[in-house]
Amino acid sequence: MGYIEKLKEKLKDISKYHQIMSLMHWDLETGAPERSFEYASNTLGELSGKIYRMETSEEMGDLINKLTQKNEYDNLSENDKRIVDLVKKDYERYRKLPEEFVKELTKTTSNAQKYWVEARKNNDFSIFQPYLEKIVKMSIQQAEYLGYDGNRYDALLDMYEPGMKTKELKGIIEDLKIRLVDFVNDLTEKGTKPEEDFLFEKYDLNKQKEISIKVLELMSYNFKAGRLDVAAHPFTIRINPGDVRITTRYQEKDIRDSFFSTVHEGGHALYEQGISNEFVDTPLYDGASMGIHESQSRFWENILGRSYDFWKYFYPEMQKTFDQLKDVSVEDFYKAINIVEKSLIRVDADEVTYNLHVMLRFEIEEALINERIKVEDLPKIWNEKMKEYLDIVPENDSVGVLQDVHWAHGSFGYFPSYMLGNLFSAQFYHKMKEEIPDYDKMIRRGDFSSILNWLRSNIHKHGKKYEPNELLRKVTGEKLNVDYFMDYLKEKYSKVYKL
């Protein structure tokens with residue numbers, strides 16, 4: 001057996017442990033009994049330690065050393081070279097982290113979610129504060145272990161957006177922020193806001209679930225390789241190649257929440273279900289980055305799912321399911337689901353204001369990791385930034401600083417991926433429409449096959465074979481260009497708001 005085959009055998013063993021951890025994480029977020037959290041967190045900590053030892057073993061290091069020798073490396077296929085490069089990067093990264101630290105971080109974040117849920121339920125930040133303080137302290141230590149050049153936040157950002165630097169991110173935000181704020185003000189001050197009251201009538205939860213299943217089937221989500229469940233904060237998780245699970249949430253008096261959460265997570269799941277099977281049990285069996293992953297969910301949720309052409313096809317199904325919509329025209333419904341407003345909740349935000357919510361979070365967590373602000377001051381800082389960005393102030397912490405689960409998971413560096421996903425999706429969309437001439441007509445027929453095939457062949461199947469910027473350039477021929485996103489917004493919303 002050659003060195004690359006030996007490496008792949010080791011990766012297959014590691015993959016099995018990741019599958020167990022994924023299943024446990026899914027269980028903790030979808031219905032595990034409260035008293036199980038401490039025990040499950042300890043188990044997850046031990047499993048993370050086991051994976052750490054496997055990924056940083058002397059034998060793994062020896063294999064990497066042999067495979068990176070020029071005569072050996074040059075004879076590898078392009079895919080195997082990429083596998084070796086990614087394993088080497090992870091090996092060098094993980095070797096910098098002490099095993100006990102890895103185990104403790106996993107235990108802490110697994111357990112912290114329970115206190116985040118409790119704090120949000122009781123609108124009491126102090127319940128979550130000590131756990132978040134420990135997570136922030138450990139995240140800072142993690143960045144120090146990993147090392148960085150310039151900004152400590154870079155070390156954490158790279159785990160979600162390989163190659164992206166804080167300085168580059170700040171440049172994107174500086175350009176985008178001014179243009180977005182000006183456009184939001186134009187829409188809300190000069191435009192005509194559509195009617196929306198019918199969205200907030202009482203909608204049967206079982207019927208909402210029926211619609212969620214129907215739209216996932218329309219998207220070609222494979223229910224034989226997945227399932228739909230409920231979670232406080234919707235997410236998608238891959239247990240293994242034959243099991244990619246979606247969660248959503250239902251609100252009786254907001255028909256939008258479950259529908260667009262489901263479509264969003266469906267976009268993630270289609271990506272996971274579309275990665276080439278030849279990459280199974282290797283680092284290539286993953287998304288190129290969280291930003292690229294978000295580009296897929298945001299495309300299905302917003303660019304396609306909130307388009308007029310989509311609703312020309314799907315709206316009769318909604319009217320048949322919900323009597324509340326029988327006298328509402330498709331034009332009025334389309335405009336209502338595309339209302340732009342300065343709102344409190346990120347996951348409920350419209351396409352135009354959404355990135356402002358992400359920018360706010362990036363600024364806060366970058367400052368936290370660089371120790372310019374303290375956890376105890378977060379509620380106050382959060383409210384100040386909401387006032388700065390959106391000119392509104394949360395009435396309590398549950399709809400303010402406690403609304404996202406990410407910090408309970410220790411996911412510092414993740415939030416920018418949401419903004420980048422919006423930008424990537426608009427650029428992919430522009431290229432897609434060039435290459436699928438009858439794009440609009442196909443959507444009106446409810447035929448998404450060419451769209452899904454385009455995504456599969458250009459993005460999904462490649463998994464993590466390419467760095468995110470490399471994939472973007474390969475697909476579109478350009479580096480990241482904010483103009484595509486702004487052009488998309490202005491063309492769509494100027495019509496909705498009659499500017």
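Which helices are included in what covers the buried residues of H7? I looked this up in a predicted model, in which local features need pLDDT of at least 70 and side-chain atom pairs count only at pLDDT 80 or more, while totals for chains, interfaces and linings use all residues. Residues are numbered from 1 along each chain as its sequence is written, and side-chain values use heavy atoms, with hydrogens and water left out.

**Entry 1: helix H7**

I took helices (H or I, at least four residues) and strands (E, at least two) as DSSP runs numbered from the N terminus. The cover of the buried residues of H7 includes H5 (78–95), H6 (99–121), H8 (153–157), H15 (354–369) and H16 (378–390). Buried means under 20% relative accessible area, exposed over 50%, and partly exposed in between (1.4 Å probe, protein chains only); contact means heavy atoms within 4.5 Å. Among the buried residues of H7 I noted Phe125, Phe128, Leu132, Ile135 and Leu146.

I then checked the length of H7. Its 22 residues (125–146) should span 32 Å at 1.5 Å a residue, and the end C-alpha atoms are 30 Å apart, which agrees. The expected span is 1.5 Å times one less than the number of residues. H7 bends by about 30° at Tyr131, the bend being the angle between axes fitted to the seven residues ending there and the seven starting there. Just after H7, Gly147 has a positive phi of about 90°.

**Entry 2: helix H20**

In H20 (residues 468–476) I found Pro468, Leu471, Leu472, Val475 and Thr476 buried. Viewed down the axis of H20, these residues fall within an arc of 105°, so they line one face of the helix. The arc is that of the directions from the helix axis to the C-beta atoms. Their cover includes H12 (290–304), H17 (416–435) and H19 (449–458). Gly477 follows H20 with a positive phi, near 80°.

**Entry 3: the sheet**

I traced an open, mixed sheet of three strands in the order S1-S3-S2; two strands pair if DSSP finds at least two bridges between them. S1 (228–230) and S2 (236–240) stand at the edges with a single partner strand each, so one side of each lacks a neighbour in the sheet. S1 and S3 (residues 243–248) pair in the parallel sense over three bridges, and Val230 stands opposite Thr248 in S3.

**Entry 4: Met21**

Met21 lies in H1 (residues 3–30) and counts as buried at 9% relative accessibility. Leaving out residues up to four places away in sequence, I found that Met21 touches Leu44, Leu47, Ser48, Ile51 and Thr106.
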